[in-house]
Each structure stands twice: as C-alpha cells, then as structure tokens.
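I opened my notebook to record what I looked up in this structure, entry by entry.

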Amino acid sequence: MQSCDPDIDPKRLRAAIDALEGVFSAVVKRAQERGDHLVNGNIGAASWISRTCGMSVTSAADRLCVGEQLQSLPRIAAALGSGEIGYQSTSVLCHLREVFHLRMLCRVARHVADPDGFFNEAEENYLRRRLHVSLMADGMHAIDGILDPECGAALKTALDALANRRGPEDGRSHSQRMHDALGELVHHAMDEGRLPRRNGVRPHVNVTTTLEGLKGEVGVPPADLELSLPISTRTLERIACDATISRVLLADSMVIDVGRATRVNSAPRRRALRVRDRGCRFPGCDRAASWSTPHHIVAWTRGGPTNLANELLLCYYHHRLVHEGGWQVIKTGREFRFLPPERVVMRRARGPGVRWAA
Ligand SMILES: [Zn+2]
Ligand SMILES: [Zn+2]
C-alpha cells in the first residue's frame with residue numbers, strides 16, 4: 001500500500017485500517033495476558049498501552065475490550081478482518097457483550113449473597129409483565145409488551161426455530177420472518193385443535209362473506225375478518241382452501257337459517273394428503289405435514305374438485321406465497337411445479353355464499 005497515494009480507494013484503505021485495529025486489539029490483549037504492563041511497572045494495562053502507543057487511556061481500554069471479546073467471537077473477528085464490518089461496529093458489539101456479561105455476573109453475585117432478595121426482585125419485575133395487541137386504523141395489529149425472562153426466552157426460542165430463510169426466493173427481513181414465525185406458531189396451535197374451548201367451541205378465526213364475494217365477482221364488498229378489517233379476495237381464497245363452512249341465510253338482515261358446519265377437507269382426505277405429501281411440497285421446504293395445510297390448485301370456489309389430484313400440502317409461508325404472492329402451482333404427472341409470478345400466464349377466478357371458520 002502506498003502511504004502517500006491520494007488516489008487509493010478510501011473504502012479499501014478504511015477496511016485495511018479497521019482490520020489492523022482488530023489485529024492491534026488482539027496483540028495488546030495478548031500482551032496484557034502475558035503481564036507485559038507489570039514488567040514495565042504499570043498496574044493497569046490500559047495506561048501502559050496509552051503511554052507506549054501514544055493513545056488515550058479510553059482508546060486503549062476499548063482495544064483491550066475488543067481484543068478480549070473477539071477471542072470468543074470468531075465470526076465477527078473474521079468479518080472485521082475481511083472488511084465486511086468496520087472497527088466501530090465491532091467495538092459497539094464487543095462493549096454490549098461486555099455489559100451483558102457484567103450484568104450477568106452482578107445477578108449471579110446477587111443470588112449468591114442474597115437469594116431471598118433476588119427472588120423478591122424477580123417477583124417485583126414479574127409484576128411489570130404485560131402484552132397488548134391493538135387493532136390499528138389500516139387493519140394491521142400493533143403489539144406492545146414486556147415479557148418475563150422465561151416467557152421471553154421461550155417465545156424467542158420458538159420463533160427462532162421457525163424464522164429461518166425458506167429458500168433463495170425468500171427476501172424477507174429478519175423482523176418479517178419473526179412476524180411470520182409468530183403467525184405460523186399461532187395458526188399451528190389453532191389447527192392442532194388443542195387450545196381450550198371458549199363458549200363451547202375451539203378457538204378459530206371467523207370470516208364472513210357473501211356468495212358473490214366468494215365467487216370473486218366484480219363490484220362486491222370484501223370479506224369481513226372477525227376482530228379486524230375487511231380482507232382481500234386472494235386472502236379470502238387462501239383461507240377458503242382449508243376452512244369449516246357454515247351457510248347462513250338472511251332475509252331483511254334477519255337470520256332465517258344456519259346450515260351445518262362442514263369442513264372443506266374431510267378428516268380422511270386430510271390423512272391421505274399427509275401420507276402422500278408428508279409435508280409442504282414447495283421445493284426445499286422443511287415443514288412437516290402437521291405444519292402444513294391443504295391447498296387447492298384450482299380453487300373449490302370456482303369449481304376445483306376437493307380431491308388428491310387437485311390438492312397438495314403447503315406450509316403457512318408457502319401457502320401465502322402461492323395466493324397473495326402470485327406463485328402458481330402446476331401438476332405434471334405425480335409432481336408439482338411452482339412458477340414465480342413473472343412466469344405465471346393466467347390468473348385465477350373463484351365460487352357459493354357464506355360464513356366460515358379457518
Ligand atoms: Zn390455497
Ligand atoms: Zn413450505
């Protein structure tokens with residue numbers, strides 16, 4: 001590297017300096033561990049580095065912290081060395097980690113010295129737990145809350161297990177994947193039918209629409225999603241793929257007849273689909289059958305048959321990708337092909353009138 005070359009790429013130069021800062025941090029940390037500062041008559045390593053290297057004590061302490069933390073952060077160290085992240089970002093990460101460890105040590109020490117006080121403090125903190133789910137003006141929901149350590153760790157562990165990237169076409173951010181993981185978890189809990197009954201029925205989401213709405217006719221009002229705002233026709237069609245349906249007849253806004261609730265997919269057909277597909281059929285997807293729902297290639301609302309030839313299992317994420325995301329499923333012999341939106345040549349339409357539970 002030419003030290004006086006004014007034409008050098010500043011980005012590459014900064015990356016090289018930052019990588020050297022990482023090396024410097026490792027070197028001074030190693031010197032501290034050997035006790036080099038003691039040999040030279042200094043009690044503190046930071047002040048010795050400050051004098052020896054002509055930098056402030058604060059900067060020297062920062063390098064010692066980074067040097068120590070990077071010993072157990074090999075991926076961060078490698079990213080700093082390759083110029084993937086800068087020194088300042090690395091330093092922030094290392095200091096946060098140090099603070100976290102310090103807090104952890106404080107809590108350990110507190111428990112050792114005063115277990116009753118530790119318990120009382122934890123119970124006081126427990127009183128602060130709360131969770132609010134509020135409907136916003138645009139139909140989205142806002143979540144605000146504080147979770148206790150156990151609940152928070154359990155939620156994060158469960159969401160992390162479901163929030164992986166689902167293939168090369170998956171361009172979702174981490175926070176979007178965490179949101180979708182929560183949706184998948186909640187729907188799985190309801191689909192399994194193991195939640196306690198409320199007012200004699202299993203918890204479910206109610207959608208109300210008309211016969212025309214279900215057919216997707218032009219000019220009809222959107223379907224109503226209980227506890228939320230109206231939903232799009234594509235979302236309605238997705239929910240219709242695997243729902244329990246009740247026909248409600250009205251006359252002058254008066255209910256005159258309520259039909260028997262029937263499931264779009266009978267229990268034997270669901271079992272047959274699970275045996276055949278064993279899980280989501282989207283290529284590369286790892287979701288098992290119990291985490292997948294039946295999807296109609298040709299929607300039953302527009303005459304598509306509810307049978308094995310017209311159905312396949314899709315997980316929560318890929319089912320949405322097919323309906324709202326515009327992907328198309330094509331059956332070729334025993335296999336299914338998935339076409340991304342830009343290759344789909346025809347769109348769907350739809351079919352009867354009613355109220356159903358997904
Ligand atoms: Zn579907
Ligand atoms: Zn899938």
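The entries below go from the whole chain to single residues.

**Ground rules.** I note that this is a predicted model, in which local features need pLDDT of at least 70, side-chain atom pairs count only at pLDDT 80 or more, and totals for chains, interfaces and linings use all residues. Residues are numbered from 1 along each chain as its sequence is written, while chains are lettered from A and ligands numbered from 1 in the order in which they are written.

**Domains.** I looked up the division of the protein and found domain 1 (10–111), domain 2 (130–191) and domain 3 (206–357), with bounds that come from an automatic or database domain assignment. Over C-alpha atoms, the centres of domain 1 and domain 2 are 35 Å apart.

**A helix pair.** I then turned to helix α1 (residues 10–34) and helix α4 (residues 57–70), whose axes come within 7 Å and cross at roughly 90 degrees. Helices here are DSSP runs (H or I, at least four residues), as strands are (E, at least two), numbered from the N terminus; axes are lines fitted to C-alpha atoms, for helices over the stretch in contact, and angles run from 0 to 180 degrees between N-to-C directions.

**The largest core.** I found that the largest nonpolar core has 12 residues in all, including Leu273, Trp291, Leu314 and Tyr317. Such a core is a set of buried Ala, Val, Leu, Ile, Met, Phe, Trp, Tyr and Cys residues joined through C-beta atoms within 7 Å. β10 (311–315) and α13 (316–323) each supply at least two residues of this core. Leaving aside neighbours within four places in sequence, I see Tyr317 in contact with Arg166, Asp180 and Glu184.

**Two loop residues.** I checked burial with these cut-offs: 20 or more other C-beta atoms within 10 Å for buried, 12 or fewer for exposed, and partly exposed in between. Gly193, in the loop between α9 (174–191) and β3 (206–208), is exposed because it has 10 other C-beta atoms within 10 Å. Ser228, in the loop between β4 (224–225) and α11 (233–240), is partly exposed, with 14 such neighbours inside 10 Å. Leaving aside neighbours within four places in sequence, Ser228 is in contact with Leu135 and Gly139.

Note on methods:
Two residues are in contact if their C-beta atoms, placed from the backbone, lie within 7 Å.
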